[in-house]
Amino acid sequence: MAFSEKNITRIIVKEAAKDWEKISETDVVVVGAGPAGLTAAHYLRDFGFDVVVFERRLSFGGGIGGGGMLFHKIVIEEEAKEIAEEFGMKLEEVESGLYAVDSAEFLAKLSYYAIESGAKVILGVTVDDVVFRPDPLRVSGVLVQWSAVQISGLHVDPLMIESKAVVDATGHDAEVISVAARKIPELDIFIHGEKSAYSEMSEKLVVEKTGKVAEGLYAAGMAVSAVHGLPRMGPIFGGMLLSGRKVAEQIMFDLKK
């Protein structure tokens with residue numbers, strides 16, 4: 001096999017450019033490749049939508065990889081067992097209604113099923129602003145920048161992605177919704193900030209409160225806690241799976257109306 005370095009560069013640049021041209025306009029942007037974001041991406045693809053997931057790190061999983069204080073296990077409750085098994089996870093019932101699973105398996109299988117369903121996942125990209133339209137008022141996309149550029153502190157203008165829906169699955173700080181609340185006061189969004197831990201209550205309320213924050217903008221996972229002032233839950237992840245599925249279902253309903 002004969003090739004030179006220029007072939008490698010040309011292939012990478014040309015094929016990446018094809019992807020970026022395609023995702024410049026998509027149905028749904030999911031921000032954050034953690035458990036809620038990956039679950040949402042999987043179900044959104046199952047519902048027939050084009051989906052791109054932007055993750056600021058060079059890895060999947062959000063808070064999954066660390067397990068509980070670096071112990072390699074996490075917990076799933078009975079309500080989310082069906083979703084976990086749909087993703088092929090091996091669950092061990094340790095106490096009534098509570099299941100243990102290896103954090104590495106949980107992370108790997110969520111990532112696999114999201115990608116296998118057809119979601120495009122782009123790593124190393126930060127979403128630092130949103131696109132909006134005033135009449136009617138709605139969020140209609142995001143602004144993206146290489147994470148490395150942000151870390152370096154360079155002033156480089158971002159690129160813009162248009163979408164019909166944006167899901168904030170960025171975790172504890174609800175980063176995308178926080179930006180929208182600060183820069184578009186007409187959206188009338190108030191970020192309460194998450195409370196201290198109350199795991200059982202949080203697992204329930206995060207799922208209940210998952211959904212639309214403003215037209216075109218949705219919260220899933222721990223971002224829901226930040227927006228609505230809910231408790232945190234720690235290394236139990238069933239609520240993240242249920243939240244990801246619920247936000248996908250609401251977007252399906254909203255976009256197909």
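Lys18 and Glu15 sit three residues apart in helix H1 (residues 5-23), which puts about one helical turn between them. Helices (H or I, at least four residues) and strands (E, at least two) are DSSP runs numbered from the N terminus. The side chains of Lys18 and Glu15 form a salt bridge (3.1 Å, N to O), the term standing for a side-chain nitrogen of Lys or Arg within 4 Å of a carboxyl oxygen of Asp or Glu.

This is a predicted model, in which local features need pLDDT of at least 70, side-chain atom pairs count only at pLDDT 80 or more, and totals for chains, interfaces and linings use all residues. Residues are numbered from 1 along each chain as its sequence is written, and side-chain values use heavy atoms, with hydrogens and water left out.

The structure contains 12 salt bridges. One of them joins the side chains of Asp27 and Lys164 (3.2 Å, N to O). Asp27 belongs to strand S1 (residues 25-31) and Lys164 to strand S9 (residues 159-168), so this pair ties together parts that are 137 residues apart in sequence.

Another salt bridge links the side chains of Lys73 and Asp102 (2.4 Å, N to O). Lys73 is in strand S3 (residues 73-77) and Asp102 in strand S5 (residues 98-102), so the pair ties together parts 29 residues apart in sequence. Salt bridges with shared partners also join Lys90, Glu105 and Lys109 into one network.

Relative accessible area is classed as buried (under 20%), exposed (over 50%) or partly exposed (in between), with a 1.4 Å probe and protein chains only.

| Residue | Relative accessible area | Class |
|---|---|---|
| Lys18 | 48% | partly exposed |
| Glu15 | 37% | partly exposed |
| Asp27 | 13% | buried |
| Lys164 | 45% | partly exposed |
| Lys73 | 38% | partly exposed |
| Asp102 | 29% | partly exposed |
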